[in-house]
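Subject: Structure handover

Hello,

Here is the structure we spoke about. Please look through it first, then read the notes below.

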Amino acid sequence: TPTLNIDKSNWKKYRFDEFAQNVSERVEPAQTDLDLYVGLEHIDPDCLHLSRHGHPSDVEGTKLRFYAGDVIFGRRRAYQRKTALATQDGICSAHAMVLRAKENIVDSRFFPFLFHSKQFIDMAITISVGGLSPTINWKDIAKQEFLLPPLAEQQRLAELLLAADEMIEKEKRELEGVERMYEVFCSDYFSKPFCNNLLSDCISSVVGGGTPNTKQREYYAQTGLPWITTTSLDDIYVDKGERYITQEGINKSATNILKRNSLIIGTRVGVGKCSINWVDMCFSQDCTGLLVDKNLVDLEYLLFHLRSAICQNYFKSHCRGTTILGITKADLLNVPINLPKIEEQISIKKKLFTLNSIQKRICLQIIKSQEVKQEIINKIF
């Protein structure tokens, strides 16, 4: 984190409406020739960049017009921290405010970062009105006061903030490139033409799950056999329990012990999520355990295969249920699988492991960079 020695002795307080203009130009979507529509669903928290958008033909009702350089601030549910910088003209949801910097007081590049500061978010939440969808009114935000540096110092700080922001965007582009490479690789090896087997061909046994009665203390312990739900099935391997259960808890419930180095897959709530259990483990009724025939299929290869788009699309299309979606055991075992020779499976999994490791490294770096940027913003504002 860069050391910031900020002397605020010559900074000055301004009302929000002294340095920000509320642009309230109304537009009917059916009557505009603009191509860009931005709803709050298109804005990512704590990110000034718009990576997606809609079209005016997608929506009805009066919207707000914005111009390149304007700030689109999500005034509804401000705790979601949604503010973006427009890089071209368009229209946006009326649940946003279109704000423009008054450049005699605030630098237009410095201005957008204010909205992602803790001070601003805390203030925005405090002045929001309404129950289910708290919203900010212009008259309430207009009178709020903020301490701003002289323009020359704003410009210097803007350079620092923009450099931190660009570093994050560069890392995101790098991540997108690796993710595309991963998807192409999976498509090359796991696409339908190659799937000449079923999951049932490489499974020696199927194990069901269950949940011991949570009101019975004797069924749970501080240590013991790990017990998980689909919440834990994000990483390749899982070795810790969300809870730990006793032998009595196992005996008095539908859960079973799945031997280490097997597969746990979500079959109800989180359908298709899967991990390899590094230790003997129990799980809820939302999961199914699969003992793999390791003479026929490499365990990690099968995991990557089940996580691939072809299998995930299969799971989605075979989900059944009204309130809770799930997949039957029969449908699960009919998942199409490509089974080349074990040697080729191992070669494929090694390449996917490498790409997966790179993805994780970049994701961790993005988190670190975002923390640095946020710390800078909070020190300034």
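**Cysteines**

The closest cysteine sulfur to that of Cys186 is in Cys311, 9.8 Å away, which is too far for a bond. The model is a predicted one. A disulfide is a covalent bond between the sulfur atoms of two cysteines. To count as one here, the two sulfur atoms must be within 2.5 Å, so the 9.8 Å between Cys186 and Cys311 rules that pair out. Cys186 has a relative accessibility of 6% and therefore counts as buried.

Is Cys363 buried or partly exposed? Cys363 is partly exposed, because its relative accessible area is 33%. Across the whole structure, the search for disulfides finds zero.

**Ser117**

The other residue to look at is Ser117. Ser117 sits in the loop that runs between strand S9 (96-101) and helix H2 (118-127). Its relative accessibility is 0%, so Ser117 counts as buried.

Which backbone atoms does the side chain of Ser117 reach? A polar atom of this side chain lies 2.7 Å from the backbone oxygen of Leu114. The side chain of Ser117 also reaches the backbone nitrogen of Phe120, at 3.2 Å.

Once neighbours within four places in sequence are left aside, Ser117 is in contact with Gln374, Ile377, Asn378 and Phe381.

Regards

Key:
Residues are numbered from 1 along each chain as its sequence is written. This is a predicted model: local features need pLDDT of at least 70, side-chain atom pairs count only at pLDDT 80 or more; totals for chains, interfaces and linings use all residues. Side-chain values use heavy atoms; hydrogens and water are left out. Helices (H or I, at least four residues) and strands (E, at least two) are DSSP runs, numbered from the N terminus. Buried means under 20% relative accessible area, exposed over 50%, partly exposed in between (1.4 Å probe, protein chains only). A polar contact is a pair of N or O atoms within 3.5 Å; within protein, one must be able to donate a hydrogen and the other to accept it, and residues adjacent in sequence count only if both atoms are side-chain atoms. Contact means heavy atoms within 4.5 Å.
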